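Grab a pencil and work through these exercises with the structure in view. Try each task before you read its solution.

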Amino acid sequence: MNTRLDPGEREQLYSLIHEKLDLGGAERPVEIEDTTAVRELPGVDSLKLFGLLGAIELGFRVNLGFEAIPQVQTVRDVERLICESRARYAGRPS
Amino acid sequence: MSTGTEEQARREAVEIALWAQGRQAPPREVLAELGLLGPDGRVLADDGQEAGAGNAYGEDGSRLPDLGPLAPFGSWQSVAATILRKTADSAGFDQTSTVFDVFQWILFEIQFASMPFLYDITEDSRDVSISSLSLSPAVRAVTDLVGGLVTEDALTGIVDSIKKIGQLAVENPGQPEKNSNVQQGVLTVADGNVRLGLLRTAVRMEYRSGKGYQQLNQEISVSRLFGNLDYGMCLRNADILLEWDGQDVDDWVNGTSSSPFPANTSPAWDN
């Protein structure tokens with residue numbers, strides 16, 4: 001199973017993270033990397049994380065579900081969850 | 001020869017009688033052509049389907065016409081609720097059941113749209129994407145479709161009612177993946193009009209062990225069917241309406257499959 005997004009999709013993911021976690025307006029923009037701990041980003045709370053995962057479900061057309069929430073520690077975890085969902089639902093009608 | 005008024009009355013009575021008798025399911029040959037008969041010749045069960053219905057009422061306190069010969073109903077709202085009961089009965093549609101019957105489902109919409117007591121009927125829809133963690137697009141679609149037709153309180157009641165249907169869908173046992181057919185009835189008084197409405201959509205859901213049913217990522221179409229109660233038509237045909245099995249608004253609101261359920265409290269409704 002492919003567990004990585006292509007570069008364009010990774011950009012889309014990083015952009016969503018910036019937008020939904022309100023990271024774009026900071027004077028010193030937060031740099032996102034694979035190992036970035038999502039929950040420790042400035043101003044992030046459970047509601048913002050929930051909002052991010054909802055936007056990812058719609059933006060990437062995947063099914064993460066509520067069980068994904070405790071699994072998210074790093075940006076890499078989010079990417080893995082997207083890929084796992086795609087693999088699980090591959091071939092099924094969207 | 002009858003006068004124009006008498007002829008109009010006769011034709012209205014015929015129209016109401018034709019509507020009230022409902023329609024039959026298609027003959028078996030047609031069902032077979034539609035692929036709705038199984039190898040044993042029986043109508044295929046809708047195993048992966050369920051129905052969830054809710055009704056909501058709201059009013060702005062605006063003044064309505066005198067009831068005249070309809071006074072035994074006590075209110076125009078009860079007149080409307082009685083007509084809605086006849087609509088369901090004539091379609092064989094049981095709003096208290098979660099069993100989905102495609103004929104009754106479609107017949108009810110046909111009966112609603114062809115109700116002789118409605119005018120200014122509006123019918124359209126909105127397509128939105130939803131997912132397990134994001135249901136607010138569905139709420140926005142409903143707000144967009146009915147926001148201009150009902151009061152703010154009524155809109156809140158409609159959304160709450162939809163959340164009750166959501167709870168029913170989460171709790172109602174079924175296949176690992178099921179299609180929940182959602183119907184939200186609306187009865188509202190606004191600007192001196194009694195408005196009757198129907199919102200419908202279908203949501204695919206998946207059972208996840210330990211988590212219950214969750215919505216799959218999907219595009220849904222939320223449809224709206226709304227019309228105003230024709231007071232003149234009701235008054236002219238009061239004798240017919242008074243013969244029907246009556247119901248008041250409370251009976252109508254509380255007589256659905258989702259009525260016993262609390263509103264679903266998932267944070268996804270706000271996301």
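**Exercise 1. Find how close the axes of H5(B) and H6(B) come, and at what angle they cross.**

Solution. This is a predicted model, so go by its computed geometry.

Step 1: H5(B) and H6(B) come within 11 Å of each other along their axes, and the crossing angle is roughly 145°.

Step 2: Get the hand. H5(B) and H6(B) make a right-handed crossing.

Step 3: List who touches whom. H5(B) brings B:Val139, B:Val142, B:Thr143 and B:Val146 to the contact, while H6(B) brings B:Leu155, B:Ile158, B:Val159 and B:Ile162.

Step 4: Sort these residues by class. You end up with seven nonpolar, one polar and no charged.

Step 5: Look at the spacing of the residues. An α-helix has 3.6 residues a turn, so residues three or four places apart point the same way.

**Exercise 2. Is B:Val146 buried or exposed, and what is it in contact with beyond its neighbours within four places in sequence?**

Solution. B:Val146 sits in helix H5 of chain B.

Step 1: Count C-beta atoms. There are 24 others within 10 Å of B:Val146, and 20 or more is the cut-off for buried, so B:Val146 is buried.

Step 2: Skip the neighbours within four places and read off the contacts. For B:Val146 they are B:Leu155, B:Ile158, B:Val186, B:Gly197, B:Leu199 and B:Arg224.

Step 3: B:Glu243 is 97 residues from B:Val146 in sequence, and their C-alpha atoms are 32 Å apart in space.

**Exercise 3. Check the span of helix H6 of chain B against 1.5 Å a residue, then find what covers its buried residues.**

Solution. H6(B) runs over residues 152-171, which is 20 residues, so at 1.5 Å a residue it should span 28 Å.

Step 1: Compare with the model. The end C-alpha atoms of H6(B) are 29 Å apart, which agrees.

Step 2: Pick out the buried residues. In H6(B) they are B:Ala154, B:Leu155, B:Gly157, B:Ile158, B:Ser161, B:Ile162, B:Lys163, B:Lys164, B:Ile165, B:Gly166, B:Leu168 and B:Ala169.

Step 3: See what lies over them. The cover of the buried residues of H6(B) includes helix H5 (136-146) and the strands S1 (49-59), S3 (177-190), S4 (193-208) and S5 (212-215) of chain B.

**Exercise 4. Decide whether chain B is as compact as a globular protein of its length.**

Solution. Chain B has nine helices and six strands.

Step 1: Apply the globule rule. For 271 residues the rule gives 18 Å, and the radius of gyration of chain B is 20 Å, close to that value, so chain B is as compact as a globular protein of that length.

Step 2: The C-alpha trace of chain B spans about 70 × 50 × 30 Å along its principal axes.

Step 3: Of the 271 residues in chain B, 39% are buried. Take the contacts in chain B between residues at least 6 apart in sequence: 76% of them join residues at least 24 apart.

Step 4: Turn to the partner chain. Chain B has 14 residues in contact with 14 residues of chain A. The side of chain B that touches chain A has four nonpolar, eight polar and two charged residues.

**Exercise 5. Which residues of H1(A) and H2(A) meet, and what is the phi of A:Arg61, which follows H2(A)?**

Solution. Step 1: Check H2(A). Its 15 residues, 46-60, should span 21 Å at 1.5 Å a residue, and its end C-alpha atoms are 21 Å apart, which agrees.

Step 1: Describe the crossing. The axes of H1(A) and H2(A) come within 9 Å and cross at roughly 145°, and the crossing is right-handed.

Step 2: Name the residues. A:Gln12, A:Leu16, A:Ile17 and A:Lys20 of H1(A) meet A:Lys48, A:Gly51, A:Leu52, A:Ala55, A:Ile56 and A:Gly59 of H2(A). By class, that makes five nonpolar, three polar and two charged residues.

Step 3: Step past the end of H2(A). There you find A:Arg61, with a positive phi near 50°, although A:Arg61 is not a glycine. A:Arg61 is in the loop between H2 and H3 of chain A, and is partly exposed, with 17 other C-beta atoms within 10 Å.

Technical notes. Residues are numbered from 1 along each chain as its sequence is written. Chains are lettered from A and ligands numbered from 1 in the order in which they are written. This is a predicted model: local features need pLDDT of at least 70, side-chain atom pairs count only at pLDDT 80 or more; totals for chains, interfaces and linings use all residues. Helices (H or I, at least four residues) and strands (E, at least two) are DSSP runs, numbered from the N terminus. The expected span of a helix is 1.5 Å times one less than its number of residues. A residue is buried if 20 or more other C-beta atoms lie within 10 Å of its own, exposed if 12 or fewer, and partly exposed in between; C-beta atoms are placed from the backbone. Two residues are in contact if their C-beta atoms, placed from the backbone, lie within 7 Å. The radius of gyration is taken over C-alpha atoms; the globule rule is 2.2 Å times the number of residues to the power 0.38. Ala, Val, Leu, Ile, Met, Phe, Trp, Tyr, Cys and Pro count as nonpolar, Asp, Glu, Lys and Arg as charged, and the others, Gly among them, as polar. Axes are lines fitted to C-alpha atoms, for helices over the stretch in contact, and angles run from 0 to 180 degrees between N-to-C directions. A crossing is left-handed if the near helix is turned anticlockwise from the far one by less than a right angle, and right-handed if clockwise.
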